[in-house]
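Visitor: I have a structure open and would like to learn how to read it. Can we go feature by feature?

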Amino acid sequence: MVEEAPASIPSILPLPEAFLDFLNKNGLDPSIYAASQSTPRYIRLKPGFKSQLPEIEAEMKCELKEVCWLPDFHYLPPDVRIASTKAYQEAKIYGIDAASGAAVSALDISPGDHVLDLCAAPGAKLCMILDLLGCSGSVTGVDVARHRLAASRTMVQKYALGDRCRLFVADGTTFSLIPLKDNSEVDKNSEIYSQWAPRRSWKERKRMAKAMQTVDSKMVSQVQDPELIFYGCDSGVVGFGKNDVFQNFNDLDISQYGYDKVLVDAECTHDGSIKHIQKFQQWGWTTLSRRVLDADRTDAVTVLQLKLLTNGFRLLKVGGCLVYSTCSLTVAQNEDVVDQFLSEHVSAELLEIEAAKSWPCRQARIPKTLRFDPVTSATSGLFVAKFTKLVA
């Protein structure tokens, strides 16, 4: 792993004393929350558009510098807005932090893999997974928040990456569906899935979107059963009946027919994101205390993280690999979760991330696990651990 620190660190944010205590307890340097000018903005160039870089740079009026350790990634000044650019509107680029790209890269996705993204919204990592997949295999995206997963669906369609994708609104801690690889035994008595089309009228979708703005999303997004909101023509859904698509399997079947790769980019307190912490200047530090420092909430988050990791690992086939990541910098949400998970799963083994030898990151407290942060990596903060499943 290569460690590179920026040449200079601008003055740090005026952080409240309670947050400084929080950082101190976790062994974190407050300088990681320096002004956003110290951390560049990252984009991923969709494969096939490299020859158009000069044209994209001319429109943005800045140089897109290549990230030497992560293919197809470029960085640019943090104040450049990409949403209004022609390149973004024409689906040639999308924003994704390089640390998040590293977490996806750690999966070592190969053509033919069946991949599960257990916390798929808002969708940038999902798009990268689909880009890497090639012309075989499938990707299953899951998220508990319907409106956020709908945004992922829009993104997948915008970048023309949806052919091998299916999206389920579901609780990631209990989701139990595995890839469907053939339809030789389809139940002909059930409704057969044909090509996907939106099932709600424009007016109804608009009414739902308006309702989402006035109701707590956590209340409206709790679902009992998975809801399939998108599937591509090669996603392993077309030609199946509903009973087949929603069939549950036991752990023995999953160990043989489960997912080749699983990404669990778990819900967290987001304290590793500079931009997220800076938002509290507008939202107020009371909001930060409630969302990041409140002991009851953080305890609930770590319980959720362990459940997500446990279920993601359950859905992994023997010999497959799982990447667990969070954009928190705390030990409780990272190393402690990994330690507890390993103590409860004798078939789980941490793997070395070979590509990380050239990444600008540092080893976390557990060997083979990694940490990105603004000072070391010039990225947002991210913890990454990679597991494989052994024969029990």
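Visitor: Which residue just after helix 11 takes a positive phi?

Guide: Glycine 284 does, at about 100 degrees. Keep in mind that this is a predicted model.

Visitor: What does helix 11 itself pack against?

Guide: Start with its buried residues. In helix 11, residues 274-283, these are Ile274, His276, Ile277, Gln278 and Phe280. They pack against helix 1 (17-25), helix 12 (285-293) and helix 15 (374-377).

Visitor: Let me step back to the whole chain. How many helices and strands does the protein chain have?

Guide: There are 15 helices and 14 strands. Of the 392 residues, 53% are buried. Contacts tell you about the fold too. Take those with a separation of 6 or more: 76% of them join residues 24 or more positions apart.

Visitor: Now a single strand. Is strand 6 mostly covered or mostly open?

Guide: Look at its residues one by one, then at each face. Strand 6 spans residues 138-143, and six of its six residues are buried. One side carries Ser138, Thr140 and Val142. The other carries Val139, Gly141 and Asp143. Both faces are covered.

Visitor: Which strands pair with strand 6?

Guide: Read the bridges on either partner. Strand 5 (residues 114-117) runs parallel to strand 6, joined by four bridges. Strand 7 (residues 165-169) also pairs with strand 6 in the parallel sense, over five bridges. Valine 115 stands opposite valine 139, and in strand 7 the bridge partner of valine 139 is cysteine 165.

Visitor: How does the chain get from strand 6 to strand 7?

Guide: Follow the helix between them. Strand 6, helix 6 (residues 146-158) and strand 7 make a right-handed β-α-β unit. Now the strand 5 side. Four bridges join strand 5 to strand 6. The chain crosses between these two strands through helix 5 (residues 124-133), and this β-α-β crossover is right-handed.

Visitor: Helix 5 has a neighbour, helix 4. At what angle do the axes of helix 4 and helix 5 cross?

Guide: Check distance and angle together. The axes of helix 4 (residues 98-105) and helix 5 come within 10 Å and cross at roughly 45 degrees. The two helices are therefore oblique to each other. The crossing is right-handed.

Visitor: Which residues meet there?

Guide: From helix 4, Ser100, Gly101, Val104 and Ser105. From helix 5, Lys125, Met128, Ile129 and Leu132.

Visitor: And antiparallel pairing? Which strands pair with strand 3 in that sense?

Guide: Strand 1 (residues 41-45) pairs antiparallel with strand 3 (residues 73-76) over four bridges. Arginine 44 has phenylalanine 73 as its bridge partner in strand 3. Strand 2 (residues 65-66) is joined to strand 3 by two bridges, also antiparallel. Here lysine 65 stands opposite tyrosine 75.

Visitor: Last, a loop residue. Why does isoleucine 353 count as buried?

Guide: Compare its accessibility with the cut-off: buried means under 20%. Isoleucine 353 has 5% relative accessibility, so it counts as buried. This residue lies in the loop between strand 11 (348-350) and strand 12 (362-363).

Visitor: What does isoleucine 353 touch, leaving out residues up to four places away in sequence?

Guide: Ala106, Trp359, Leu370, Val384 and Lys386. Isoleucine 353 and alanine 103 are 250 residues apart in sequence, and their C-alpha atoms are 9.9 Å apart in space.

Note on methods. Residues are numbered from 1 along each chain as its sequence is written. This is a predicted model: local features need pLDDT of at least 70, side-chain atom pairs count only at pLDDT 80 or more; totals for chains, interfaces and linings use all residues. Side-chain values use heavy atoms; hydrogens and water are left out. Buried means under 20% relative accessible area, exposed over 50%, partly exposed in between (1.4 Å probe, protein chains only). Two strands pair if DSSP finds at least two bridges between them. A crossover is right-handed if, with the strands pointing away from the viewer, the path from the first strand over the helix to the second runs clockwise. Axes are lines fitted to C-alpha atoms, for helices over the stretch in contact, and angles run from 0 to 180 degrees between N-to-C directions. Angles under 35 degrees count as roughly parallel, over 145 as roughly antiparallel, 65 to 115 as roughly perpendicular and the rest as oblique. A crossing is left-handed if the near helix is turned anticlockwise from the far one by less than a right angle, and right-handed if clockwise. Contact means heavy atoms within 4.5 Å.
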